[in-house]
Amino acid sequence: MPTEIPSRPDTRVLDGKLWHTLPLETALAQLGLSHGGLTTAEANSRRETFGPNELEEKGGRTVWHILWEQVSSVMIVILLIAGVLALLFKGGGGPPIDAIAIFSIVILFVVQGVMQEYRAQKAIAALKQMSSPTVKVVRDGQVQEMSARDLVPGDLVKLETGSVVPADCRIVESVNLRIQEAALTGESEPIEKFSGVLEGEDLSLGDRKNMGYMGTFASYGRGEALVVETGMRTELGKIASMIQNVKHEETPLQKKLDKLGKTLALIALVVAVVVALTGVYIEGKTWAEVLIIAIAISVAIVPEGLPAVQTFSLAIGAQRMVKRKALIRKLPAVEALGSVTVICSDKTGTLTQNKMTVTELETLDHRVELDTQARQYDIEHGQPELAALVACGGLCCDAVLNPDGETGVGDPTEVALAVAAHRYNLSRIALESVLPRVAEIPFDSGRKLMTTIHKLPEGGALPSTISAMAAGLNGSPYVVFTKGAADNMLAICDRVFSVGQVRPLTDDDRARIHAANSKMASDGIRVLGVGYHGLPDLSEYEQPGKVERELVFLGLVGMIDPARPEAKDAVAKCKTAGIRTIMITGDHPDTARYIAADLGITSHDGRVITGVELEKMSDTDLKKALKDANTNCFARVSPEHKLRIVGALQELGNIVAMTGDGVNDAPALKRADIGVAMGITGTDVSKEAADMVLLDDNFATIVAAIEEGRVVYDNLRRFVMFSISGNIAKVIIVAVSPLIGLAAMLKPIQILFSNLLTDGLLGLGMGMEAAEKNTMQRPPYSPQESIISRVVGRHIAIIGPVIGLLLLVVGYLQWQQLGLPNVLQIKNEAERNALFTDPKVLMWGTLMFTALAMMQVGRAFSSRSFLDPFWKQPLRTNKVLVGMILAVVTLQLFVVYTPGVQTFFSAVSLSGTNLGLCIAFAMVVLTIMELLKALERRNAAAKQPGGKK
Ligand code: ATP
């Protein structure tokens with residue numbers, strides 16, 4: 001094996017030849033490959049040379065991008081203008097303290113913002129990495145699963161339906177392999193692939209049928225491929241502009257918050273201008289004096305902590321979700337989850353356990369119920385029909401049994417069939433030694449059928465256990481076994497195997513089989529039909545319509561798939577949370593109804609709409625049907641139908657979460673507001689199309705993620721409520737205090753300290769608040785609803801002014817008590833300036849500054865719940881907030897009592913009594929907020945049906 005890796009500046013190799021023009025052996029040799037794939041050592045060394053197989057995030061944001069975004073934000077621009085004005089109009093001869101303060105806080109703010117953003121981005125990148133596809137690779141002679149990032153040129157990868165092509169590859173083996181290349185070439189039809197050589201250097205990508213390209217996916221069949229180019233050397237890597245998923249998306253909530261920030265900035269500007277003009281023209285102050293107040297107002301109103309809290313909460317939300325087994329692939333999903341009104345869920349595996357066990361066999365002549373515990377079944381002598389049914393079911397199967405014969409790997413439906421065959425001593429391995437499989441038509445949820453074709457031995461003799469079936473083969477060299485949804489099977493059968501004979505299927509037989517199928521289905525049993533026939537030649541096997549026809553019907557196999565116990569609670573939780581659950585399944589309508597009713601999704605007489613009915617319905621009919629709250633079940637649907645269902649629900653104003661696992665589910669997942677893919681059973685394609693991946697495939701996980709989404713939304717609303725009402729109070733005191741003869745109550749630096757550190761730190765703590773007890777007991781927020789709606793709006797409108805007035809009253813009384821003069825009556829600027837540096841005034845200012853900080857702490861406690869009293873929120877549920885509260889108190893005391901720092905903040909040490917006064921003030925504010933919540937609770941109770949009016 002050559003150890004030297006050929007240098008490949010572009011894809012031209014060997015004398016300028018492109019990969020698709022090389023014979024397979026040459027391509028393999030070129031990459032130094034032996035049959036067992038690369039060795040781990042060789043792969044590691046190539047990894048060093050070629051780097052990880054990933055696209056550089058060209059569109060991603062660097063620290064500089066983030067920095068620029070921060071610096072150019074409206075809030076920072078306002079602060080910068082304020083800083084420059086403070087520098088230009090500084091009164092007195094000392095250092096420009098306000099300007100220095102503003103600029104240092106701008107720096108702090110930007111650094112904090114950049115760090116938060118960067119960390120959030122890293123967290124999301126880590127989540128993205130977790131969701132990067134895994135591939136099956138042959139290394140050291142064994143098939144291993146690994147992340148697609150670890151592929152190197154020379155790796156042999158397995159491709160199967162639904163898997164993404166992880167790098168640029170030369171096809172080595174193709175079993176009906178078709179690759180959907182629309183993402184790269186725009187061609188919507190999947191391309192059939194083969195392993196031969198192609199002529200023509202200038203063949204377009206779409207015509208290179210022996211190649212697979214990164215970013216495309218296998219839509220049918222399976223195959224093996226040799227990785228020839230990885231990472232940025234792939235065709236996709238060359239077209240860097242195609243990498244759309246790395247674009248920085250602003251979430252609707254971020255947009256809303258941005259808008260809010262801008263509106264506040266505008267209000268600040270107007271208030272500041274009005275205050276400045278009144279100061280100069282009515283009170284006769286100088287521009288320098290009023291500008292300081294105007295600056296204070298503008299910095300007071302801007303919620304500086306908001307951007308940091310916002311990104312932090314979303315990222316924390318995504319991390320919490322992953323702990324609950326929901327992996328977020330797109331950040332906007334975190335908040336959209338909070339608004340979900342309908343969950344459309346698959347049945348098998350999501351609502352049920354996907355642990356199938358065969359419980360019934362039914363042919364025209366026999367019906368047996370099987371003991372699910374038994375390790376061995378007997379087929380009584382003279383029941384060749386049962387033997388044929390079980391053997392054919394087991395042969396038409398890809399599942400591989402484990403040595404215990406009781407478990408297996410593969411589709412659970414097929415594992416169940418394989419286990420049953422094994423228990424009857426009719427296992428696939430033994431039968432295939434006589435009847436080797438030569439071709440197959442894979443299962444797809446559109447046809448709801450699967451077929452395998454086997455070569456009969458010379459002379460056509462079948463194994464003795466199923467020899468009686470020979471009657472249906474007409475001496476053909478091949479035998480076809482088909483299994484699938486019982487109704488679909490009946491539609492393609494024209495004969496039946498009964499009493500050891502093959503005879504035409506009569507209407508009476510069909511009616512009996514349909515009745516047996518319905519009976520089993522209405523007991524919640526999943527039913528599969530099985531059939532076979534002889535095939536004269538293999539030429540047309542790739543066309544299902546030509547092979548899956550004129551079959552001999554063998555019988556029905558019934559299997560149970562118990563509902564997930566946790567799904568029932570999750571459905572009930574959804575109901576109280578105002579979320580509707582709709583089951584969409586490929587299974588029989590009666591089976592679907594049984595399971596849906598069992599889980600509380602629909603009633604026993606609830607309407608089940610089938611795929612056939614759906615096709616006949618117009619969009620208006622469908623919407624009308626969906627308006628009925630008892631129409632929560634769709635059965636025998638194909639993935640394409642899901643798209644219509646999502647569309648109709650969305651047109652009815654719903655925010656829809658939709659699950660899916662197959663290739664064909666991708667469009668519906670994209671269309672849904674929250675596309676949910678299955679982490680265990682889902683195809684790569686469905687995962688790539690999804691916003692969220694369920695790591696445990698469990699319905700209850702969707703509900704948990706919705707709960708976390710609501711928590712994120714609540715926490716942001718909480719911070720907005722906290723921050724804006726506090727800022728309104730600050731603006732009121734700064735704007736009004738000079739009008740009633742006091743000094744401006746807060747200096748710009750004090751306001752900045754309060755907004756950035758006090759609110760910022762407390763805000764981060766609030767972002768960590770856990771779910772309130774009623775989080776899943778109230779209807780979802782509509783995405784159109786303003787962030788300051790309902791209780792938040794009322795709180796801001798009431799608490800902001802109330803606290804502002806309270807502070808003014810306390811400030812006024814203190815001013816009087818200290819015997820300070822009415823500033824309005826001092827007409828001389830120098831005298832006014834002298835007063836403002838008077839120790840008594842400094843003490844008064846420090847008192848107000850500290851009262852404000854303590855008040856914020858009191859408010860943070862109370863804001864932990866929108867409605868419930870603060871003492872009902874245990875401190876241990878949000879230790880971060882407790883830490884932040886301690887930090888805020890310490891910081892405030894540090895600023896007030898540390899010599900040197902004091903001067904910077906125009907503060908003096910407060911007496912114990914004054915500190916007590918500040919704490920008392922915080923208590924009063926806390927009490928007011930609690931009273932307001934008590935009122936809100938009363939109103940909420942009165943609105944409940946049956947509640948007090
Ligand atoms: P979901 O509820 O997730 O849609 P489902 O398994 O009920 O899952 P499909 O996978 O579309 O839905 O299957 C539809 C029908 O096809 C099943 O009811 C069954 O009769 C049949 N079927 C399922 N798996 C196989 C298989 N491997 N081979 C043949 N037929 C199958």
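Visitor: Are H25 and H27 roughly parallel or roughly antiparallel to each other?
Guide: Helices here are DSSP runs of H or I with at least four residues, and strands are runs of E with at least two, all numbered from the N terminus. Helix H25 (residues 699–736) packs against helix H27 (residues 790–817) at about 30 degrees, with the axes 8 Å apart; axes are lines fitted to C-alpha atoms, for helices over the stretch in contact, and angles run from 0 to 180 degrees between N-to-C directions. Angles under 35 degrees count as roughly parallel, over 145 as roughly antiparallel, 65 to 115 as roughly perpendicular and the rest as oblique. So H25 and H27 are roughly parallel.

Visitor: Before we go on, what kind of model is this?
Guide: Residues are numbered from 1 along each chain as its sequence is written, and side-chain values use heavy atoms, leaving out hydrogens and water. Local features need pLDDT of at least 70 and side-chain atom pairs count only at pLDDT 80 or more, while totals for chains, interfaces and linings use all residues, as this is a predicted model.

Visitor: How many nonpolar residues are in the contact of H25 with H27?
Guide: Contact means heavy atoms within 4.5 Å, and the H25 side includes Ile 724 and Ile 728, while Ile 799 and Leu 807 are among those in H27. Ala, Val, Leu, Ile, Met, Phe, Trp, Tyr, Cys and Pro count as nonpolar, Asp, Glu, Lys and Arg as charged, and the others, Gly among them, as polar. The contact has 2 charged residues, 4 polar ones, and a nonpolar count of 16.

Visitor: And how do H29 and H30 run, roughly parallel or roughly antiparallel?
Guide: The axes of helix H29 (residues 839–862) and helix H30 (residues 879–897) come within 11 Å and cross at roughly 175 degrees. That angle makes the pair roughly antiparallel.

Visitor: How many charged residues sit in the contact of H29 with H30?
Guide: Among the H29 residues involved are Phe 849 and Met 854, and H30 brings in Ile 885 and Gln 892, among others. By class there are 12 nonpolar and 3 polar residues, and the charged count is none.

Visitor: Which residue does Lys 347 meet in a salt bridge?
Guide: A salt bridge is a side-chain nitrogen of Lys or Arg within 4 Å of a carboxyl oxygen of Asp or Glu, and the whole structure has 46 of them. In this one, N to O is 2.9 Å, and the partner of Lys 347 is Asp 587.

Visitor: How many residues apart in sequence are the parts that Asp 587 and Lys 347 tie together?
Guide: Asp 587 is in the loop between strand S23 (580–584) and helix H19 (589–599). Lys 347 sits in the loop between strand S11 (342–346) and strand S12 (357–362), so the separation in residues is 240.
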